[in-house]
Amino acid sequence: MNLNELDYQVVEGSRRDHEVVIYALSTCGFCKRAISFLKDKDYAFRYIHLDQIPLETKNEIKQVLRERFKENPAFPFAVIDDSRHLIGFIQPDWEKTLGL
Amino acid sequence: MSEKNKEQTRLFTRMVAEKQGWKLNPDPSFYEDLVEGLMNNYNRYGYFLCPCRDSDGSREADKNSICPCLWSRQDILEYGNCFCALYISQSLAASGKQPSSIPDRRYEA
């Protein structure tokens with residue numbers, strides 16, 4: 001599976017120092033806060049709510065994330081510059097990683 | 001399967017917290033987000049799947065993540081809040097600190 005072909009929500013923003021892609025759940029409070037945090041910082045990013053797509057597709061996505069990052073996907077799962085990742089939303093960690 | 005509304009879901013969370021001796025997330029907007037998430041999960045899956053865990057496709061596969069999840073007691077003892085931060089310990093509530101994002105024990109061996 002090519003993750004870039006997924007139907008992401010694209011959020012525009014003036015800051016794009018890093019490419020940020022967030023795998024989230026529409027029902028999760030921390031996911032909601034991570035997304036709001038980036039919007040508040042006027043950061044450009046993409047996100048997708050895995051709980052709103054077919055089971056087969058999201059299982060493939062989780063398998064790709066598991067293999068690439070050697071972690072069991074928990075949410076929010078942020079992929080930074082297609083190379084690093086953050087799991088969960090701990091604001092200081094996100095600020096440090098994104099240079100905010 | 002009859003659907004649940006927000007008030008029924010709030011009642012469920014209050015009953016769980018009272019029975020377990022926990023407190024509910026003190027942040028009103030966070031708490032309401034979680035109530036909505038729980039309600040949506042109940043209405044689409046038929047059970048209160050933890051709002052911060054994705055369904056693995058069946059009740060059997062998700063059974064440990066049905067609220068209150070299997071790991072909530074251990075998480076609350078160790079971190080002061082459950083994984084989705086719906087329930088918090090008496091001491092965290094008394095401290096006034098915010099619940100935080102914690103690791104997910106779901107896939108731990």
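**Figure 1. Asn25(B) in the loop between strand E1 and helix H2 of chain B.** In this predicted model, Asn25(B) is located in the loop that runs between strand E1 (23-24) and helix H2 (28-45) of chain B. Asn25(B) is classed as buried because its relative accessibility is 4%, and the cut-off for that class is under 20%. The side chain of Asn25(B) has polar partners in the backbone. One of its polar atoms is 2.9 Å from the backbone nitrogen of Asp27(B). The Asn25(B) side chain also reaches the backbone oxygen of Ala85(B), at 2.8 Å.

**Figure 2. Surroundings of Asn25(B) beyond its sequence neighbours.** With residues up to four places away in sequence not counted, Asn25(B) touches Phe30(B) and Tyr31(B), and also Ala85(B), Leu86(B), Ile88(B) and Pro99(B).

**Figure 3. Arg10(B) in helix H1 of chain B.** Helix H1 of chain B spans residues 6-20 and includes Arg10(B). The side chains of Arg10(B) and Glu7(B) are joined by a polar contact of 2.8 Å. When neighbours within four places in sequence are left aside, Arg10(B) is in contact with Tyr31(B), Glu32(B) and Val35(B). Tyr31(B) is also among the residues that Asn25(B) touches.

**Figure 4. The interface between chain A and chain B.** Contacts involve 21 residues of chain A and 23 residues of chain B. The two chains bury about 1,700 Å² between them, with 52% of this area on carbon and sulfur atoms. Of the area that chain A buries against chain B, 37% is supplied by Thr27(A), Phe30(A) and Arg33(A), more than by any other three residues.

**Figure 5. Salt bridges and polar contacts between chain A and chain B.** Six salt bridges are counted between chain A and chain B. Arg33(A) forms a salt bridge with Asp33(B), where the closest N and O atoms are 3.0 Å apart. Eleven residue pairs, both members at pLDDT 80 or more, are in polar contact between chain A and chain B.

**Figure 6. The side of chain A that touches chain B.** Helix H1 (29-40) and helix H2 (55-69) of chain A are the elements that give two or more residues to this side. H1(A) provides the largest share, four residues. By class, this side of chain A has ten nonpolar, six polar and five charged residues.

How values were computed:
Residues numbered from 1 in each chain as written. Chains lettered and ligands numbered in written order. Predicted model: local features only at pLDDT ≥ 70, side-chain atom pairs only at ≥ 80, totals over all residues. Heavy atoms only, no water. Contact = heavy atoms within 4.5 Å. Buried area = accessible area lost by both parts, 1.4 Å probe. Salt bridge = Lys/Arg side-chain N within 4 Å of Asp/Glu carboxyl O. Polar contact = N/O pair within 3.5 Å; in protein donor to acceptor, adjacent residues only side chain to side chain. Nonpolar A, V, L, I, M, F, W, Y, C, P; charged D, E, K, R; others polar. Buried < 20%, exposed > 50% of the residue type's maximum accessible area, 1.4 Å probe, protein only.
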